[in-house]
Amino acid sequence: MRRVMAAAVALGIVLLGASPASADQLSLSVTINGKATADNTVPIDPASQVNLVVTAVNDTNAPVKVRSVRLSGVALALTFFAYDTTAPFEVPAHGKATRTFVLDLGDLSGQAIGLLPSSVELLDAQRQSLGEATTVADVQGSFWSVYGVFGLAMLVLTIIAWVTALLALARHKLAPNRWRRALRFLPAGFGTGLVAVVTLSVLRLVPPEPAIEIPVVLGAAAIALLLGYLTPHPAPPKTDAPVEDVTVNFNATTEGFPQ
């Protein structure tokens with residue numbers, strides 16, 4: 001249980017403390033299978049090839065050399081798929097360049113499913129990002145993909161966390177200190193938030209973007225923390241009451257008894 005708590009807290013720190021992206025040298029406009037990525041949800045079918053068209057605009061005073069393009073999907077601060085294609089080209093100073101890439105994403109079915117925040121990046125020879133365009137990908141993958149199994153594993157761990165905490169409550173095994181009781185419920189709250197985020201993504205209702213996943217996860221954790229704090233004080237252990245030594249004296253008599 002302590003390991004689950006540590007993992008949940010660590011993930012919360014990662015979600016809150018993600019470092020901001022560096023300034024881009026290029027501005028990108030991207031289409032995937034003919035559909036612009038800007039402000040759109042782009043369907044991706046792993047069974048079909050993906051036609052990726054990237055237009056890079058260079059507003060600097062020096063040409064920018066591009067080595068490769070990367071298509072990736074991220075959720076809960078974890079990268080669930082990433083595809084790199086090497087195709088060197090140069091974007092002239094105060095100019096632009098357009099390139100078309102054909103990506104084979106056949107194994108994506110085993111990596112992700114549902115709505116995932118995704119990005120298309122141009123990288124230099126040192127694998128540093130030169131420019132990025134973001135979108136939401138609707139991945140037509142398998143439920144038994146890495147992302148789907150991750151959600152299922154979180155569900156199992158969350159159920160275990162809740163059952164453990166509630167059994168301790170029912171058996172009056174929680175700590176007398178309120179904050180310790182609250183922390184006992186914290187992993188279950190984090191797990192509930194993570195399961196909610198993944199479920200909404202897999203059901204294609206809401207993508208797990210930071211503006212959504214952070215309030216959901218931290219909100220569920222705060223509710224569980226409050227519930228643990230408000231749990232009643234555990235009953236004191238029962239002790240056996242002392243048994244009084246009662247001696248009954250009988251006066252032996254033969255009166256009234258036949259001889």
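This is a predicted model: local features need pLDDT of at least 70, side-chain atom pairs count only at pLDDT 80 or more; totals for chains, interfaces and linings use all residues.

1. Let's start with Arg 70, which forms a salt bridge with Asp 84, the closest N and O atoms being 2.9 Å apart. Because Arg 70 sits in strand E5 and Asp 84 in strand E6, the pair ties together parts that are 14 residues apart in sequence. Arg 70 is partly exposed at 21% relative accessibility, and Asp 84 counts as partly exposed too, at 34%.

2. Asp 84 has another partner: its side chain meets that of Arg 127 in a salt bridge of 2.3 Å, N to O. Asp 84 is in strand E6 and Arg 127 is in the loop between strand E8 (114-123) and E9, so this pair ties together parts 43 residues apart in sequence. Arg 127 is partly exposed, with a relative accessible area of 36%. Taken together, Arg 70, Asp 84 and Arg 127 are linked in a network of salt bridges.

3. Next, please look at Asp 138 and Arg 204, whose side chains meet in a salt bridge at 2.5 Å, N to O. This pair links distant parts of the chain, with Asp 138 in strand E9 and Arg 204 in the loop between H3 and H4, 66 residues apart.

4. Is Asp 138 buried or exposed? Asp 138 counts as buried because its relative accessible area is 15%, under the 20% cut-off. Strand E9, where Asp 138 is placed, spans residues 129-139. Leaving aside neighbours within four places in sequence, Asp 138 is in contact with several residues, including Thr 41, Val 42, Pro 43, Ile 44, Gly 114 and Leu 115.

5. Most residues other than glycine have a negative phi. The loop that holds Arg 204 runs between helix H3 (178-202) and helix H4 (210-230).

6. Ala 77 also has a positive phi, near 65 degrees, and is likewise a residue other than glycine. Ala 77 is found in the loop between strand E5 (64-75) and strand E6 (78-91). With 38% relative accessibility, Ala 77 is partly exposed.

Technical notes
Residues are numbered from 1 along each chain as its sequence is written. Side-chain values use heavy atoms; hydrogens and water are left out. Helices (H or I, at least four residues) and strands (E, at least two) are DSSP runs, numbered from the N terminus. Buried means under 20% relative accessible area, exposed over 50%, partly exposed in between (1.4 Å probe, protein chains only). Contact means heavy atoms within 4.5 Å. A salt bridge is a side-chain nitrogen of Lys or Arg within 4 Å of a carboxyl oxygen of Asp or Glu.
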